[in-house]
Amino acid sequence: MLKDRKGSYPYPKRDVSKIPMFNYAELDRQRQERAEQAAQRWSFSPLPGQMPEERSEDDAVELPLKDLSASPKNAFRQLDEETYSELKASLQASGLVYPIIVRPKDSIQSYPINGAYEILAGHNRVRAAKELGWETIKASIVRVDDVQAVRIINDSNLQRTGVTELEKAWAYRQLFDAMQRQGQRTDLMAELEGQNAIEKDDGLPDTVAESPKKETVNLIGEMYGQSGRTVRRKIRLTYLIDELYRLYERKDISQGAAVDLSYLDADTQRLLLQLRRTHRFPLTDSNCHALRVDYNDWSRNGSEAKYAPQRLLRIMQAPAADSETAAPVPMKPRKYTVPETLFPATIKKCDREAYVEKALRYVLEHEVKL
């Protein structure tokens with residue numbers, strides 16, 4: 001494109017600063033609408049000593065930012081840097097279009113916060129407002145219980161782009177735990193705690209009746225257009241340690257294997273990975289399920305303080321029933337990522353693998369100590 005005499009382009013540059021303003025105004029409106037619909041759909045009796053309150057946008061008030069605390073039940077990541085910068089620019093240019101949603105500290109039933117109000121919808125907007133030097137922010141105050149609070153948090157975030165599978169899983173688990181603690185439904189039994197509260201779907205004997213647990217996960221599934229089985233399996237993923245979850249995320253293990261391994265305690269999961277690095281056994285559906293069955297039996301009847309490494313190794317190295325006819329499944333090679341800044345500018349992307357191989361051969365042949 002030709003330039004004019006002053007060195008600038010003959011056509012005016014596009015004013016990109018105005019682009020995110022409308023988008024974020026609409027995004028705020030949609031989040032606000034979803035959060036309000038969640039609070040209206042989820043009907044519980046009011047908190048003790050409280051009467052149901054009608055509210056509208058006119059009820060929004062200016063609250064000091066120092067009085068607001070992030071919700072510990074917010075399982076969603078902060079916005080990526082680019083999207084957050086656009087949100088911050090939009091707030092600086094046109095202010096807050098729709099108020100955030102908070103609840104007072106005395107509405108919280110099962111966990112403490114530092115400030116006078118818990119943020120339910122608007123965590124990123126509050127963070128941006130603080131960085132812009134604001135002292136107050138417009139907020140709608142709602143008096144809701146813990147279950148309703150989690151619903152508002154989830155509904156204002158689940159439909160945004162880029163939500164990961166693990167974020168969804170934690171959102172379902174936070175809601176399940178809140179419903180369990182609240183005990184307002186007859187199908188939520190006080191003795192169901194932690195992992196054992198999630199329904200087991202493999203036919204293993206369990207000391208707790210299945211029907212109460214099924215009703216809870218099915219109800220959560222109805223809220224978000226999922227089956228109870230899907231919700232249950234998503235929740236199980238939150239019990240995996242990070243390294244095992246990354247194996248599932250890379251599809252090195254199936255969802256069924258991941259669900260089976262999620263019933264192992266964290267120490268046994270780490271032991272499994274330690275032995276696998278040494279003995280290189282595969283994590284197939286059959287041996288992961290067999291490990292879960294044996295671990296379940298040990299947890300009920302075992303006298304050992306810890307699950308024995310020899311016991312775990314014996315199960316994971318046991319040949320499959322059809323091993324004589326089935327071909328061995330090779331383990332997926334591990335991939336390594338080399339930062340682009342370590343390559344010379346003259347090396348093309350298609351030649352980088354050969355360049356790394358040549359460098360490693362040089363290190364090996366010249367016995368270079370790293």
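This is a predicted model: local features need pLDDT of at least 70, side-chain atom pairs count only at pLDDT 80 or more; totals for chains, interfaces and linings use all residues.
Strands of a sheet pair through backbone hydrogen bonds, in either a parallel or an antiparallel way.

How many strands form it, and in what order? There are 5, and the order is S1-S5-S3-S4-S2. The sheet is open, and its pairing is mixed. Go to the edges next: strand S1 (61-64) and strand S2 (68-69) stand there. Each has a single partner strand, so one side of each has no neighbour in the sheet.

**An edge residue**

Stay on S2 and pick Ser69, which belongs to this strand. Is Ser69 buried or exposed? Its relative accessibility is 10%, so Ser69 counts as buried. Show what surrounds it. Beyond residues up to four places away in sequence, Ser69 touches Ile113, Asn114, Gly115, Tyr117, Glu118 and Ile119. Then select Ala116. Ser69 and Ala116 are 47 residues apart along the chain, while 7.5 Å separates their C-alpha atoms.

**A helix across the strands**

Select residues 123-131. This is helix H3. Which strands does helix H3 lie across? They are S2, S3, S4 (117-121) and S5. Turn the view to compare H3 with S4: the helix runs at about 120° to that strand.

**A pair of helices**

Move on to helix H4, residues 146-155, and helix H5, residues 165-182. Their axes come within 8 Å and cross at roughly 170°. That angle is over 145 degrees, which makes H4 roughly antiparallel to H5. The crossing of H4 past H5 is left-handed.

Show the side chains where the two helices meet. On H4, select Asp146, Val147, Val150, Arg151 and Asn154. On H5, select Ala171, Gln174, Leu175, Ala178, Met179 and Gln182. Colour this contact by class: 6 residues are nonpolar, 3 are polar and 2 are charged.

**Last stop**

Finish at residues 285-301, helix H11, and pick out Asn287 within it. Is Asn287 buried or exposed? Its relative accessible area is 8%, so Asn287 is buried. Which residues is Asn287 in contact with, leaving aside its neighbours within four places in sequence? Select Pro282, Ile315 and Met316 to see them.

Terms used: Residues are numbered from 1 along each chain as its sequence is written. Side-chain values use heavy atoms; hydrogens and water are left out. Two strands pair if DSSP finds at least two bridges between them. Helices (H or I, at least four residues) and strands (E, at least two) are DSSP runs, numbered from the N terminus. Contact means heavy atoms within 4.5 Å. Axes are lines fitted to C-alpha atoms, for helices over the stretch in contact, and angles run from 0 to 180 degrees between N-to-C directions. Angles under 35 degrees count as roughly parallel, over 145 as roughly antiparallel, 65 to 115 as roughly perpendicular and the rest as oblique. A crossing is left-handed if the near helix is turned anticlockwise from the far one by less than a right angle, and right-handed if clockwise. Ala, Val, Leu, Ile, Met, Phe, Trp, Tyr, Cys and Pro count as nonpolar, Asp, Glu, Lys and Arg as charged, and the others, Gly among them, as polar. Buried means under 20% relative accessible area, exposed over 50%, partly exposed in between (1.4 Å probe, protein chains only).
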